[in-house]
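Dear colleague,

I am passing on the structure we spoke about, and below it you will find my notes on what turned up in it. Please read them with the model open beside you.

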Amino acid sequence: MSLSRDAAGNVARVLTEALPYIQRFTGKTIVVKFGGNAMVDDELKAHFARDIVLMKLVGMNPIVVHGGGPQIGELLKRLQIESRFVDGMRVTDSATMDVVEMVLGGTVNKEIVSLLNANGGKAIGLTGKDGQLIRAKKLKVTQKTPEMASPEIIDIGHVGEVESISTDVLNMLVNSDFIPIIAPIGVGPDGASYNINADLVAGKVAEVLQAEKLMLLTNIEGLMDKNGKVLTGLSTQQVDNLIADGTIYGGMLPKIGCALDAVKSGVTSAHIIDGRVPHAVLLEIFTDTGVGTLITNHSLTAAGA
């Protein structure tokens with residue numbers, strides 16, 4: 001199909017705008033957390049797969065960490081296993097952990113691998129148990145009510161936090177032209193499996209690899225101020241101030257905390273981007289405007305920087 005002169009001009013402008021970003025990020029590692037609407041909408045999934053494959057083809061090193069909460073919940077419901085949550089975290093007994101491994105390490109992981117491979121990529125799926133990629137420890141949750149003299153420690157089962165990430169496994173894959181697709185399941189000292197928040201895993205992977213970017217796909221436009229306006233370029237100090245004054249609160253705190261920790265630990269920039277936008281990853285990396293909130297150690301105004 002031939003393009004009109006105007007359409008061809010638009011393509012040329014897009015490529016010209018993208019060129020400096022391609023040059024700047026060639027050879028750089030970019031960790032992307034894949035979740036939310038982008039994971040359940042077929043068209044958005046296809047766009048995401050093409051974005052990641054294109055990043056690899058132009059010389060970047062993308063690494064994908066994915067979630068799968070809705071898919072886990074759906075299978076638990078079909079199996080008539082009750083889902084319970086404490087502070088937003090799924091209580092994970094042995095039966096639930098089996099389902100988590102089945103969904104994250106099996107169904108969801110392999111679907112993403114297949115999508116990327118169908119679009120010309122060389123994706124390889126793994127969980128944190130493979131090569132002991134993610135060493136985990138049990139997450140301790142405490143709750144305190146006014147009636148309690150001291151906080152109560154609540155056992156939420158096989159829910160973990162990252163103790164360490166094996167860079168050997170990731171470097172081997174990245175240097176072999178593969179695109180790692182990681183399910184956030186860790187392994188404990190005793191060989192037990194642990195369900196870990198995918199944002200936290202993505203953040204830790206970005207930290208240990210000193211990645212250029214950490215990108216967290218969400219179901220919102222980005223961080224917003226108290227007037228509902230999207231905040232594009234923020235320094236870590238500005239984010240700390242927004243947390244302190246209550247602008248950032250509730251469910252966004254863990255995600256922002258993860259992004260903040262990554263940048264403070266040496267990741268060049270973190271991005272909270274709207275996964276509901278087609279080709280959100282490419283728009284954030286390759287355009288001047290971007291589609292979300294950029295957090296760095298410097299004051300910036302352009303989300304695509």
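The phi of Gln80 is near 60°, which is a positive value in a residue other than glycine. Asp177, in the loop between helix H5 (167–174) and strand S10 (179–183), also has a positive phi, near 70°, without being a glycine. For background, most residues other than glycine have a negative phi.

Before going further, please note that this is a predicted model, in which local features need pLDDT of at least 70 and side-chain atom pairs count only at pLDDT 80 or more, while totals for chains, interfaces and linings use all residues. Residues are numbered from 1 along each chain as its sequence is written, and side-chain values use heavy atoms, with hydrogens and water left out.

**The chain as a whole**

The protein chain contains nine helices and 16 strands, and its C-alpha trace spans about 70 × 45 × 35 Å along the principal axes. For 305 residues a compact globule would have a radius of gyration near 19 Å, and the 20 Å of the protein chain therefore agrees with that expectation; this radius is taken over C-alpha atoms, and the globule rule is 2.2 Å times the number of residues to the power 0.38. Of the 305 residues, 49% count as buried. Among the contacts with a separation of 6 or more, 71% come from residues 24 or more positions apart, a contact meaning heavy atoms within 4.5 Å.

**Helix H4**

Helix H4 (residues 94–118) has 25 residues and reaches 35 Å from its first C-alpha to its last, close to the 36 Å expected at 1.5 Å a residue; the expected span is 1.5 Å times one less than the number of residues. At Asn109 this helix bends by about 35°, the bend being the angle between axes fitted to the seven residues ending there and the seven starting there. The buried residues of H4 include Met97, Val100, Leu104, Val108, Asn109 and Ile112. Just after H4, Gly120 takes a positive phi of about 95°.

**The nonpolar cores**

A nonpolar core is a set of buried Ala, Val, Leu, Ile, Met, Phe, Trp, Tyr and Cys residues joined through side-chain atoms within 4.5 Å. The largest has 43 residues, and those with the most contacts inside it are Val31, Leu133, Ile134, Ile182, Val205 and Leu214. Helix H8 (residues 252–264) supplies the largest share of this core, seven residues. Apart from it lies another core, of 41 residues, among them Ala18, Phe34, Leu76 and Val103.

Ile182 is placed in strand S10 and counts as buried because its relative accessibility is 0%. Leaving aside neighbours within four places in sequence, Ile182 is in contact with residues including Ile63, Val65, Asn109, Leu133, Ile134 and Val205. The C-alpha atoms of Ile182 and Val113 are separated by 9.9 Å, although the two are 69 residues apart along the chain.

**Three further buried residues**

Ile185, in strand S11 (residues 185–187), is buried because its relative accessibility is 0%. Its contacts, again leaving aside neighbours within four places in sequence, include Met97, Val100, Leu104 and Ile134.

Asp51 lies in helix H2 (residues 42–57) and counts as buried because its relative accessibility is 1%. Beyond its neighbours within four places in sequence, Asp51 is in contact with His279, Ala280, Val281 and Leu282. Asp51 and Leu282 are 231 residues apart in sequence but 5.8 Å apart in space, C-alpha to C-alpha.

Thr296 is found in strand S16 (residues 292–296) and is buried because its relative accessible area is 5%. Not counting residues up to four places away in sequence, Thr296 touches Leu234, Ser235, Thr236, Val263, Thr268 and Ser269.

With best wishes

Note on methods. Helix = DSSP H or I, 4+ residues; strand = E, 2+ residues; numbered from the N terminus. Buried < 20%, exposed > 50% of the residue type's maximum accessible area, 1.4 Å probe, protein only.
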